[in-house]
Amino acid sequence: MDNLTFSLNATIPVFLMMVLGYVLHKIGWIDDDFASKLNKFVFLVPLPILLFGDLATVDFSQMWDTRFVLFCFAATVISIGIAVGVSGLWKDNSIRGEFIQASYRSSAALLGIAFIQNIYGTAGMAPLMIIGSVPLYNVIAVLVLSLFKPGRRGFGMEMLKRTGKGIVTNPIMLGIAAGLLWSALRLPMPQILGKLVSGVGGVATPMGLMAMGAAFNFEKALGRVKPAVTAAFIKLIGFCAIFLPAAVWLGFRQEKLVAILVMLGSATTVSSFVMARNMGHEGVLSSGVVMLTTLFSAFTLTGWLYLLRSMGYI
C-alpha cells in the first residue's frame, strides 16, 4: 500500500496538471498561440536547465559501475530497435517518429531519483541509469523525429546534415552535455547558481504539462487510439517483461534493479511531447501516450515492485 500510495502521489498530480491545461484552454485562459509559445519556452529554457542540474552535482567517480551503465545502454538500444520495428505496423509514416519516441522514452530523469529515494532513502543508482539511457533517449529522439517529420522530402546528405545539426544544437542535448562536463571537471555549484537552476528547472514539468493539456485534441486523439494504446503497452509492460528477467539473471539487485525498472517501465516523459511539437510534429499521439502511461504507470510500477519484492530481489 505504501508503494501504491507513493506511485499515485507521483503520477496522479501529473495527470491532473494536464487536465488543468485542457480546462484552461477550454475556458479561454490559454489560447492556441500561448500554448505554442509555452511549449517552445519549455523546450528552450527550463528542460535543458533541469537536466543540467540533475547531472552537474553528481559525483560519478564514487558510484561508477561500468557493467550497470552498459546494461542500461544496451537495454535502451534494444528497446529503441523494438519500437522502430513495431512502428512499421502503421502505414502513416507521419506518426512513426512520435510512436517510436513515445514507446521507449521514460521519465527517468524526472521520476527515477524520487522513486528510488522513496524506497532506499538515497538516490542510489539513478544517476548512473540516467547516464546509460537519457543521452541516448535524446539523440535518438532528435534522429527519429527528423527522419519521420511530416512533409519531409527525400533522404540524402542534406537531410543527414540537418539531422546532425539538430542533434548537436538541440537544447536538451546541450543541457545534458553541460551537466556532464560540469560534473567531470568537479566544479562546485555556487549557492546562487544552484538556486537559479533549481528555480528555473522546477517550472519545466508543470509548464510542459499544462501546455500539453491545452494542446490536446480529443477528436484527433480518437484517430490515434490504436498506436497510443500499443505504445503505452510496450512502455509499461513489454520492455519490463523482456529486460527485468535478464537483469535478474545478470545479478542486479536492490536499488540497481529498481533503477532498471524505472528506466524501462515509468511513464513516457512530458519532454517527448514538447520535443515532437517543436520539431514539426502534430504531438497528438505523444500527448495521448503520455496521458495513458501517466495514468496507468502507478499501478503497473507497483505491480512490478510487488513481484520483484515477493521474489526476494529487492
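Here is a walk through the model, from the whole chain down to single side chains.

**Before you click**

This is a predicted model, so keep the ground rules in mind: local features need pLDDT of at least 70, side-chain atom pairs count only at pLDDT 80 or more, and totals for chains, interfaces and linings use all residues. Numbering starts from 1 along each chain as its sequence is written, and side-chain values use heavy atoms, with hydrogens and water left out.

**Stop 1: the whole chain**

Start with a cartoon view. Now colour by burial. Of the 314 residues in the chain, 51% are buried, where buried means under 20% relative accessible area, exposed means over 50% and partly exposed is in between, using a 1.4 Å probe and protein chains only. Next, contacts, meaning heavy atoms within 4.5 Å. Among those with a separation of 6 or more, 85% are between residues 24 or more positions apart.

**Stop 2: the phenylalanine cluster**

Select Phe68, Phe71 and Phe252, which ring pairs link into a cluster. Rings of Phe, Tyr and Trp (its six-membered ring) pair if their centres lie within 6.5 Å; planes under 30 degrees apart count as stacked, over 60 as edge-to-face and the rest as tilted. That rule gives 5 aromatic pairs. One of them is Phe68 with Phe252, edge-to-face at 5.8 Å centre to centre and 75° between the planes. Phe68 sits in helix α4 (residues 66-87) and Phe252 in the loop between α13 (225-249) and α14 (254-265), so this pair ties together parts 184 residues apart in sequence. Both ends are tucked away: Phe68 is buried at a relative accessible area of 0%, and Phe252 is buried at 2%.

What does Arg67 lie over? The face of Phe252, at 4.9 Å from the ring centre. The test here is that NZ of Lys or CZ of Arg is within 6 Å of the ring centre and within 35 degrees of the ring normal.

**Stop 3: a helix crossing**

Two packed helices are described by the angle between their axes and the distance between the axes. Select helix α3 (residues 46-56) and helix α10 (residues 191-202): they pack at about 130°, with axes 8 Å apart. The axes are lines fitted to C-alpha atoms, for helices over the stretch in contact, and angles run from 0 to 180 degrees between N-to-C directions. α3 and α10 are therefore oblique to each other; angles under 35 degrees count as roughly parallel, over 145 as roughly antiparallel, 65 to 115 as roughly perpendicular and the rest as oblique. Show side chains, and you'll see Pro46, Ile49, Leu50, Phe52 and Gly53 of α3 meeting Val197, Val200 and Gly201 of α10.

**Stop 4: an enclosed helix**

Go to helix α5 (residues 96-104). Here 9 of the 9 residues are buried, so the helix is largely enclosed by the rest of the structure. What do the buried residues of α5 pack against? They pack against α4, α7 (126-147), α13, α15 (270-278) and α16 (284-310).

**Stop 5**

Pick Ile80 in helix α4, which is buried at 8% relative accessibility. Leaving aside neighbours within four places in sequence, Ile80 is in contact with Tyr104, Leu136 and Ile140. The C-alpha atoms of Ile80 and Ile140 are 8.2 Å apart, though 60 residues separate them along the chain.

Then jump to Val248 in helix α13, buried with a relative accessible area of 14%.

Finish at Arg186, in the loop between α9 (171-184) and α10. Is Arg186 buried or exposed? Exposed: its relative accessible area is 57%. Not counting residues up to four places away in sequence, Arg186 touches Asp59 and Ser61.

Methods
Helix = DSSP H or I, 4+ residues; strand = E, 2+ residues; numbered from the N terminus.
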